[in-house]
Amino acid sequence: MQTTRKLFTALLLALTISFSACDKEDDTLPTAPQITSELATLPVQQDEAKAFTVTISAAGKIKDVTATATAGTVSISELVGVGQSTGSAKVNYQAPGTLGSNTISVVVTDQQNQQKKIDITVDVNEVPPVIVAGGEVEGIWEAGRTYVVRGSLTVPAGKSLTVQEGVTVIVEGDGTQGGSPEISVRGNFYSYGTAERPVLFTVPAARRTKENMFAGLWGGIAGTMQSQEMVLLHTRIEYVGAPAPENSPLVTSGELDAGDPLYGLYFTNPNGKFVMQFSTIAFSKDDGMRINQGNFLITNNTYIYTGATGGESLNIKSGSVGDAAFNVFYQAATNGIKCSNSDDRSPQTDVNMYNNTSVNCGWRQTKAGRGGSINLEKGGRGKVMNNLVVNCRYGVRFPKAPDNPDVTNSTAGYNYYFGNHADIAAEFYPSTGSIAKGLFETGNDVAGAANENNPMFASFNVGAFDLNKAKNAADLELPAANLNFKLQASSPALGKGKTTFTPRLSALSVGGKSYAAPAPANYVGAFGN
């Protein structure tokens, strides 16, 4: 027993000595480092770069300085005093394009790995808008900026206008002839939005209303015969269709008469190149856009409420060659796509139209027998495949002679139809057209009676469509912001597409960049699940 007590006493003594040694060691640690900033709040404008200095003191000698930010990007440079007890560092900050309050955190670490953090509040403010009075314009419209257009603009021949990501262009038009600016492109035009920071061409916020959906408040963007290249990526164009003035390029070229509605987009050069991808055209008085000649890729776009009482979402004319694929056409007055070779120019119109989705189209067209989904006519040629047509006035239409397309070099098939009314189902193969089921490749279509073959969109009720209400533009409401035409996992439209054909153009090189045409999908419509 005595031996056990001695051992316990010795152990207790050893632990006491050990703890005392630790206390002495802790007592010898230097004071934690300190860091101060020359400012407590950093005011910046969208996308602006700014820098500030932090001062450091560290009894344990400076080891490192790092920085993070809740938004924007931040880095450290000009770090002075590593291995010393005092120093400084430069904090470099690039503001994001979004407005609001963010935080920069700067941390200093000493040689004993002790740390000290300081937070700097960042206030990102809007960059004052650039006023563009009118006249010639070229160069770069800078990322994140707002440009207010108060007069018609022209990009001169041989020059370029590049619109960077996050730009908002507000056009101050009133919908009158001569009072509604348009943008004429005699040179090149590039709008490089991104998914995170799209480009927007619109009107003042107070005019973005239901009443103005078909008012045609400005004149859109028009490439002339001199324009070599146009590219639009992640770009939205809305509230277009103002009456053309006498001096509009579309009037002087004979394309339109003075007073006719201008288009959201226009391109005409048989040797030119046009690319539009992941973009939107909404609320046009007539055609959303028109390709009047040229090589083009028009893919993965959305068209919303194009045309008041007439007009296509995408109107393709003689001399045009390319692909229109994976687009959504929502409630066009006439067709999602009309493709024609009526002027018999060279080259012959030749377009592959595949994997598009047309919903509720054709009902506002006041002329009988026209409109609904895709119309190939008057000597045009192409493939019309894998398209999803829902509650449209007509299915894919090849008009009868003399307006028939080049049927020898055209085909249609693997298209999928749904209608919630017997009158819709009766026109899946239009009575005004020349296609009957079984011709071309239409034996592979999906087309039944009313309310059969619901494609099962992810969040859009096809059964609620009212064809009588759809005929009157005044009855339309502003569309939901979250329109979703993806297919549910159990959709019968999956696996119904044809994949053994190729795009008309595999790729286009425009503005020093290459743009590929998407391959056809094994589902119908613009989206899988």
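Over how many bridges do E24 and strand E26 pair, and in which sense? Points on this predicted model follow.

1. **E24 and E26.** The two strands pair over three bridges, in the parallel sense. E26 covers residues 314-316. Within E26, Ile316 is the bridge partner of Ile291.

2. **E24 and E22.** Strand E22 spans residues 265-277 and runs parallel to E24, with nine bridges joining them. Met289 in E24 stands opposite Leu265.

3. **E24 and E27.** E24 is also joined to strand E27, residues 320-325, by six bridges. This pairing is parallel. Ser320 in E27 is the bridge partner of Gly294.

4. **Cover of E24.** The strand runs over residues 289-299 and is mostly covered. Of its eleven residues, ten are buried. In a regular strand, side chains alternate between the two faces of the sheet.

5. **Surface patch.** Val407, Leu439 and Phe440 make a nonpolar surface patch of about 230 Å². Leu439 sits in the loop between helix H3 (422-425) and strand E37 (507-510). Its relative accessible area is 39%, so Leu439 counts as partly exposed.

6. **Confidence.** Mean pLDDT for the protein chain is 93. Residues at 70 or more make up 95% of the chain. Residues 11-25 have pLDDT below 50. Beyond near neighbours in sequence, that stretch has zero contacts in the model. Where pLDDT is low, predicted coordinates should not be read in detail.

How values were computed
Residues are numbered from 1 along each chain as its sequence is written. This is a predicted model: local features need pLDDT of at least 70, side-chain atom pairs count only at pLDDT 80 or more; totals for chains, interfaces and linings use all residues. Side-chain values use heavy atoms; hydrogens and water are left out. pLDDT is the predictor's confidence in each residue, from 0 to 100. Contact means heavy atoms within 4.5 Å. Patches are made of residues with over 30% relative accessible area and no salt bridge: like charges are joined within 9 Å, nonpolar side chains (Val, Leu, Ile, Met, Phe, Trp, Tyr) within 5 Å. Accessible areas come from the Shrake-Rupley method with a 1.4 Å probe; for residues, only the protein chains shown count as cover. A salt bridge is a side-chain nitrogen of Lys or Arg within 4 Å of a carboxyl oxygen of Asp or Glu. Helices (H or I, at least four residues) and strands (E, at least two) are DSSP runs, numbered from the N terminus. Buried means under 20% relative accessible area, exposed over 50%, partly exposed in between (1.4 Å probe, protein chains only). Two strands pair if DSSP finds at least two bridges between them.
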